[in-house]
Amino acid sequence: MIERILKDLGRVNGVNGSLVVGKDGLIIESEVPADIDAELVAAMASAVFGTAERSAEEIKHEPLEQVMIEGKRGKTLMIDAGEGILVVITDVDVNLGMIRIEMKRSSERVSDLLA
């Protein structure tokens, strides 16, 4: 079922890949191109999201909803999915509003499945 959710996300214009990772950094499900090291992305996403959660708590902005890493060649978005983190990798020029809506819907479905 999570595989289906990730495949649906992959149909959104500009999305290059997606993963659901546990808060421990282990992959739960992955749909990324072969040139992306999914295990490394999962571990780094867990570390970044965990750090952002602690930062949000410290500056009284909790609960953290989403983290975005923006580079010259693309964006990586992470959103809380209950026991996991939904990670989406995109092109540079994407409709972030559309992707965030799809990620919110998908994260709720993933959260229900992981509960």
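User: Is Lys 60 buried or exposed?

Analyst: In this predicted model, Lys 60 is exposed, because its relative accessible area is 64% and the cut-off for exposed is over 50%. Lys 60 sits in the loop between H2 and S3.

User: What is phi of Lys 60?

Analyst: Phi of Lys 60 is near 65 degrees, which is a positive value in a residue other than glycine. For background, most residues other than glycine have a negative phi, and most peptide bonds are trans.

User: On peptide bonds, which form does the one from Glu 62 to Pro 63 take, cis or trans?

Analyst: The bond from Glu 62 to Pro 63 is cis, and its omega is near 0 degrees. Pro 63 is located in the loop that runs between helix H2 (38-58) and strand S3 (66-71).

User: Now the whole chain. How many helices and strands does it have?

Analyst: The protein chain has three helices and five strands. Along the sequence they follow the pattern α-β-β-α-β-β-β-α.

User: And how compact is the chain?

Analyst: The chain is as compact as a globular protein of its length, because its radius of gyration is 13 Å, close to the 13 Å that the globule rule gives for 115 residues. Along the principal axes, the C-alpha atoms fill a box of roughly 35 × 35 × 25 Å. Of the 115 residues, 38% count as buried.

User: Which residues have the most contacts inside the largest nonpolar core?

Analyst: They are Leu 6, Val 20, Leu 86, Val 88, Ile 99, Met 103 and Val 110, in a core of 16 residues. At least two core residues come from each of helix H1 (2-10), strand S1 (15-22), strand S4 (74-81), strand S5 (84-90) and helix H3 (96-114). H1 gives the largest share, four residues.

User: What other core lies apart from that one?

Analyst: Another core, of 14 residues, lies apart from it, and its members include Ala 42, Phe 49, Leu 64 and Ile 85. As a general point, nonpolar side chains in soluble globular proteins tend to be buried together.

User: Let us look at Leu 6. Where is it, and what does it touch?

Analyst: Leu 6 is in helix H1. Leu 6 counts as buried because its relative accessibility is 1%, and buried means under 20%. Leaving aside neighbours within four places in sequence, Leu 6 is in contact with Ser 18, Leu 19, Val 20, Glu 29, Ser 30, Glu 31 and Leu 86. The C-alpha atoms of Leu 6 and Val 88 are separated by 9.0 Å, although these residues are 82 apart along the chain.

User: You mentioned Ser 30. Which strand holds it, and what does it contact?

Analyst: Ser 30 belongs to strand S2 (residues 27-31). With neighbours within four places in sequence left aside, Ser 30 is in contact with Leu 6, Ser 18, Leu 19 and Ala 38. Ser 30 is partly exposed, at 23% relative accessibility.

User: How do the axes of H1 and H3 cross?

Analyst: The two axes come within 10 Å and cross at roughly 175 degrees. H1 and H3 are therefore roughly antiparallel to each other, as the cut-off for that description is over 145.

User: Which residues make the contact?

Analyst: From H1 they are Ile 2, Ile 5, Asp 8 and Leu 9, and from H3 they are Glu 102, Met 103, Ser 106, Arg 109, Val 110, Leu 113 and Leu 114. By type, the contact residues divide into seven nonpolar, one polar and three charged.

User: Is Ser 106 buried or exposed?

Analyst: Ser 106, in helix H3, is buried, with a relative accessible area of 5%. Not counting residues up to four places away in sequence, Ser 106 touches Ile 5, Leu 9 and Leu 86.

Terms used:
Residues numbered from 1 in each chain as written. Predicted model: local features only at pLDDT ≥ 70, side-chain atom pairs only at ≥ 80, totals over all residues. Heavy atoms only, no water. Core = buried A, V, L, I, M, F, W, Y, C linked by side-chain atoms within 4.5 Å. Buried < 20%, exposed > 50% of the residue type's maximum accessible area, 1.4 Å probe, protein only. Axes fitted to C-alpha atoms, helices over the stretch in contact; angles between N-to-C directions. Parallel < 35°, antiparallel > 145°, perpendicular 65-115°, else oblique. Contact = heavy atoms within 4.5 Å. Nonpolar A, V, L, I, M, F, W, Y, C, P; charged D, E, K, R; others polar. Rg over C-alpha atoms; globule rule 2.2 N^0.38 Å.
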